[in-house]
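Here's a quick look at how the pieces of this fold sit together. Have the viewer open as you read.

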Amino acid sequence: MITDPIADYLTRVRNAIRANHRVVEVPASNMKKELTKVLHDKGYILHYKFEDGSVQGNIKIALKYDPVTKASAITNLERVSKPGLRKYTKADTLPRVLNGLGIAILSTSKGVLTDKEAREQNIGGEVLCYVY
């Protein structure tokens, strides 16, 4: 049993990038699906596909690389809020990742949002991870 499924998701993507894989497959959950949608909307991954094969299903993620330099669109994935120590923030103290070059993904009452979207809607929440 995995105690932190979001950390497992981020680790699988991070390991696939380091191994220069084109596609990574992770077990699905609603939170992971929302994280994947945010990463796709912000241009960090190429495509994703939700598969309903097993009991919980899988998410196939096509990773994005630069065609010339072969560098990944994702430089770093960092888990912030952990099961042992949750990190919550108010709307006025939302984190800025690399002065706005990266994104912080938050779980809010309005769903999973980036720090910029949460700032626009003036809501806080749990800081799940940083992506840059």
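## Sheet and helices

Tyr 48 stands opposite Ile 61, a residue of β3. Likewise, His 47 faces Ala 62 in β3. This is a predicted model, where local features need pLDDT of at least 70, side-chain atom pairs count only at pLDDT 80 or more, and totals for chains, interfaces and linings use all residues. Numbering runs from 1 along each chain as its sequence is written, and side-chain values use heavy atoms, with hydrogens and water left out.

Helices (H or I, at least four residues) and strands (E, at least two) are DSSP runs, numbered from the N terminus; two strands pair if DSSP finds at least two bridges between them. β2 and β3 (residues 58–63) are joined by six bridges in the antiparallel sense. In their hairpin, six residues lie between the strands, and Gly 57 has a positive phi near 85°.

The whole sheet is open, with three strands in the order β1-β3-β2 and antiparallel pairing. Because β1 (23–27) and β2 (45–51) are the edge strands with a single partner each, one side of each has no neighbour in the sheet.

Now the helices. Contact means heavy atoms within 4.5 Å; axes are lines fitted to C-alpha atoms (for helices, over the stretch in contact), and angles run from 0 to 180 degrees between N-to-C directions.

| Helix | Strands | Angle |
|---|---|---|
| α1 (residues 5–18) | touches β1 and β3 | about 165° with β1 |
| α2 (residues 30–41) | lies across β1, β2 and β3 | about 155° to β2 |
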